[in-house]
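Me: I would like to learn how to read a few features of a model, with the definitions spelled out as we go. Could we take them one at a time?

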Amino acid sequence: MIGGTTDARNMISKLTWKRSLNHSSVVSSYLYSQWSGRPLIKGLPISISVEPTTSCNLRCPECPSGLRSFTRATGMLASPLFQQIIDQLAPTLSYLTFYFQGEPYLHPQFLDMVDYASRKGIYTATSTNAHYLKDDVARVTVESGLDRLIISIDGTTQETYESYRIGGSLEKVMEGTRNIIAWKKKLKSKTPHVVFQFLVVKPNEHQIPAVEKLAAELGVDQVVLKTAQIYDYQNGSSLIPTQERYARYRKNTDGTYSIKNKLLNHCWKMWHSCVITWDGKVVPCCFDKDAHFVLGDLTKNSFAEIWQGESYNQFRSSLLRSRSEIEMCKNCTEGTKIWA
């Protein structure tokens, strides 16, 4: 990994005593809740994800945005609502991800929002398919103060890339990556930390060495291999990798598939993070893509009221009691460890 130390130092540099104290409060309340089986919540989230938009230019097969299959309302985050959220959380918030569903760069004020959060000293990150990183946009991205730019690149040839990123252009991804790295050099900026995220599926697993080579050639800071969430995995899928270490699922003796991890009755994510949809709804985590578990509405209540409110604590209680009874948790591979 190139530049990993620089990125870590940048993240640490944004910690204040209030953020450090909040982190300690959240960790201690989570550990107590795990031990006692009763939800206790102290402090506010360490990290949040906000959704700039549900719109996307691609048609990825395991994505609600790509499939255009949302049952919830779709739209774009209003800047005043975003600023209201950040103003409430900035003193204690350490990490902000501009992503849930959709392509963030389709939002006309996306980089203005990044700039607003960056000026508050929050570590900012986003995930993009990199089709909109033209030269001028790349420059503004670097100037916005964005700390981490995750670029989805799921193939090193056009044929492989578009087998999952349907409607996408690998050349545009590489062009956008070159533009970002060029402007980092021109502006003598250490940020954003550029990550190639490679979603490992059966059609592209043979190109893992090639994506690492490509990243090195382009000057990308880091390559992350990500396992794919498959919605209907029980009877197998053409997307499940043959190399089991890159799959979230294992094949059973009867030919069916099951998720690898155990559904332990606790979840770190419910204590340290949340997701905020474009219209201000607070949902538990990124697995709730259609916002079935709305725990509050930021157009009606403050974040603290929602975070410490009855609905949120009832949801935390249900996790501590029996996580396997919550539908979205059945396909979850995250959340059980503090360092996850």
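Me: Which side chains meet in a salt bridge at 3.8 Å, N to O?

Reply: A salt bridge is taken here as a side-chain nitrogen of Lys or Arg within 4 Å of a carboxyl oxygen of Asp or Glu. In this structure the side chains of K281 and D297 form such a contact, at 3.8 Å from N to O. The pair links distant parts of the chain, with K281 in strand 10 (residues 281–283) and D297 in strand 11, 16 residues apart. Salt bridges that share partners also join D279, K281 and D297 into one network. Helices (H or I, at least four residues) and strands (E, at least two) are DSSP runs, numbered from the N terminus.

Me: What should I keep in mind about the model itself?

Reply: This is a predicted model, in which local features need pLDDT of at least 70 and side-chain atom pairs count only at pLDDT 80 or more, while totals for chains, interfaces and linings use all residues. Residues are numbered from 1 along each chain as its sequence is written, and side-chain values use heavy atoms, with hydrogens and water left out.

Me: How many salt bridges does the structure hold, and which residue forms one with D7?

Reply: The structure holds 12 salt bridges. D7 pairs with R148, and the closest N and O atoms are 2.6 Å apart. Because D7 lies in helix 1 (residues 4–13) and R148 in strand 4 (residues 148–152), the pair ties together parts that are 141 residues apart in sequence. D7 is buried, with a relative accessible area of 8%, and R148 is buried as well, at 15%.

Me: Where do K134 and E175 lie?

Reply: The side chains of K134 and E175 meet in a salt bridge at 4.0 Å, N to O. K134 lies in the loop between strand 3 (123–128) and helix 6 (135–143) and E175 in helix 8 (residues 170–186), so the pair ties together parts that are 41 residues apart in sequence. K134 is partly exposed at 42%, and E175 is partly exposed at 30%.

Me: What lines the largest cavity?

Reply: Its lining consists of C267, M270, C285, F287, F315, L319, R323, M328, C329 and C332.

Me: Which residues are closest to the centre of the second largest pocket?

Reply: Of the 16 residues that line the second largest pocket, the closest to its centre are Q229, Y231, F287, E327 and M328. F287 and M328 also belong to the lining of the largest cavity.

Definitions and conventions: 1 Å grid on protein atoms, 1.4 Å probe; cavity = no way out; pocket = protein on both sides within 12 Å on 5 of 7 lines; lining within 4 Å. Buried < 20%, exposed > 50% of the residue type's maximum accessible area, 1.4 Å probe, protein only.
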